[in-house]
Amino acid sequence: MTMPLMRPKRKNPVLRTRQMNLPPWARGRVALGITAGAAEGRFVLQTCEACGTVQYPPREACHKCLSPLLHWREQSGEGELLSATTLHHSNDLFFRERLPWRLGLVHLDAGPTLMVHLHGEVGDAPRRVRVGARLDRAGQAVLIGFPNEGSPHMADDKMLREMTSDPKFRKVLVTDGKTEVGQAIVRALVKAGADIVWVGHAEPWKKMGGGLDDITALPQVTLVPLDLTNGRSVSELAGEIGGKVDIVINNAEVHRTFGIGARRGTDVAKAEMDINYFGLLRLAQEFGPALKGRSADGVTGATAWVNLLSIYALTNFPPHGTFSASKAAAHSLAQCLRAEMRPAGIRVINVFPGPIDDEWNQHTPPPKLAPGALANAIVKALRDGVEDVYPGDVAQEWLERWRDNPKILERELAAGGS
């Protein structure tokens with residue numbers, strides 16, 4: 001049974017800040033298919049279309065029939081632990097700081113035999129286990145053996161916490177607390193055990209109301225002035241709390257309907273870009289370096305950056321044309337941010353919801369995603385250590401259609417489909 005994580009001691013400010021040592025990250029291009037699946041919380045292996053063989057490690061051709069027709073298929077991960085060992089010495093800097101470390105040999109019911117990291121609740125071999133894929137601090141997929149039945153505190157396992165961004169005992173910045181989504185995110189973070197939640201609001205001189213009073217009453221919540229259209233506002237807040245934040249959740253957005261020809265001028269498009277794209281850029285420039293500098297601060301070190309994007313970022317939805325374009329720009333920027341944050345072990349999580357049941361989508365017919373469901377999806381993504389999240393039925397359907405053929409989806413949307 002995993003012992004629950006205790007509140008860590010405060011960091012000694014006199015001690016020198018540690019630098020992050022990443023686990024071995026080199027992978028061949030073929031093996032990146034496992035990483036792509038793990039980024040969405042799926043455990044995938046190569047399956048031969050010719051003979052049906054499931055194989056590991058990944059190869060260019062089937063090891064049984066030599067067919068090149070290999071596709072990545074999701075696996076259940078059920079298997080038998082054949083043997084286990086505990087490392088007490090390692091030449092790798094990452095593992096030397098984290099010893100002892102358990103490894104095991106698992107024979108999957110699907111066929112292959114794998115070497116995996118073992119969760120602390122997995123007992124001695126032989127026994128049944130479930131293998132799952134997670135992203136490590138270097139952003140590469142690793143395989144972990146889990147017990148089939150775990151305790152309520154499984155997420156507090158020392159090894160597993162290295163692979164995730166659990167908000168428990170961490171300090172979080174939520175950039176916009178005035179929206180229903182922002183308030184739902186704050187409540188979900190408090191429920192998940194966040195130590196402090198700073199909540200941004202762009203116009204502090206106005207009467208709060210609108211749900212802000214309710215979340216302000218929570219002892220973990222502190223309101224802070226934050227206007228993402230104002231570089232000085234972002235810079236001042238970063239100077240005040242940037243060295244304390246462990247997780248940044250950027251949910252601030254401007255969302256207007258209509259496309260190009262239905263509205264004169266560029267004012268609305270500029271407002272959307274100023275928050276959805278340039279707001280993210282200002283935030284990343286000010287808070288990014290501080291997060292990277294604190295990524296090695298132990299079990300509560302800086303760990304994640306979350307961007308609330310939209311499924312419309314994948315392909316433009318003409319009734320929300322300029323909004324879709326601003327989210328596509330933010331998506332591209334977030335990919336750059338992910339590449340820059342990875343050497344420090346900071347995970348960048350992009351969330352692609354479908355239509356949200358909020359003020360911007362009042363005339364959009366159901367199904368729509370409830371703010372509470374979106375907030376729970378964000379917390380789950382932090383706990384599971386994934387990179388891309390598509391919450392809601394609409395987002396899942398769009399994703400499948402986009403993967404099948406982006407051009408067909410574009411044509412369907414242009415013809416009025418959704």
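How many bridges pair strand β1 with β2, and in which sense? Select residues 44-48 for β1: this strand and β2 pair in the antiparallel sense over 2 bridges. Helices (H or I, at least four residues) and strands (E, at least two) are DSSP runs numbered from the N terminus, and two strands count as paired if DSSP finds at least two bridges between them.

Before you go on: this is a predicted model, where local features need pLDDT of at least 70, side-chain atom pairs count only at pLDDT 80 or more, and totals for chains, interfaces and linings use all residues. Residues are numbered from 1 along each chain as its sequence is written, and side-chain values use heavy atoms, with hydrogens and water left out.

**Stop 1: the barrel.** Next, bring up the 5 strands that close into a barrel in the order β4-β5-β6-β8-β7, with mixed pairing. On average, neighbouring strands here are turned by 50° against each other, direction ignored. Zoom in on β5 (residues 101-108) and β6 (residues 113-118), an antiparallel pair with 5 bridges. V106 stands opposite L114 in β6.

**Stop 2: strand β12.** Select residues 247-250. β9 (residues 171-174) runs parallel to β12 and is joined to it by 3 bridges; V174 has I249 as its bridge partner. β13 (residues 304-308) also pairs with β12 in the parallel sense, over 4 bridges, and there N250 stands opposite N307.

**Stop 3: two helices.** Finish with α4 (residues 180-191) and α10 (residues 371-384), which pack at an angle of about 45° with axes 8 Å apart. Axes are lines fitted to C-alpha atoms, for helices over the stretch in contact, and angles run from 0 to 180 degrees between N-to-C directions. The contact (heavy atoms within 4.5 Å) includes V181, A184 and I185 of α4 and L374, A375 and I378 of α10.
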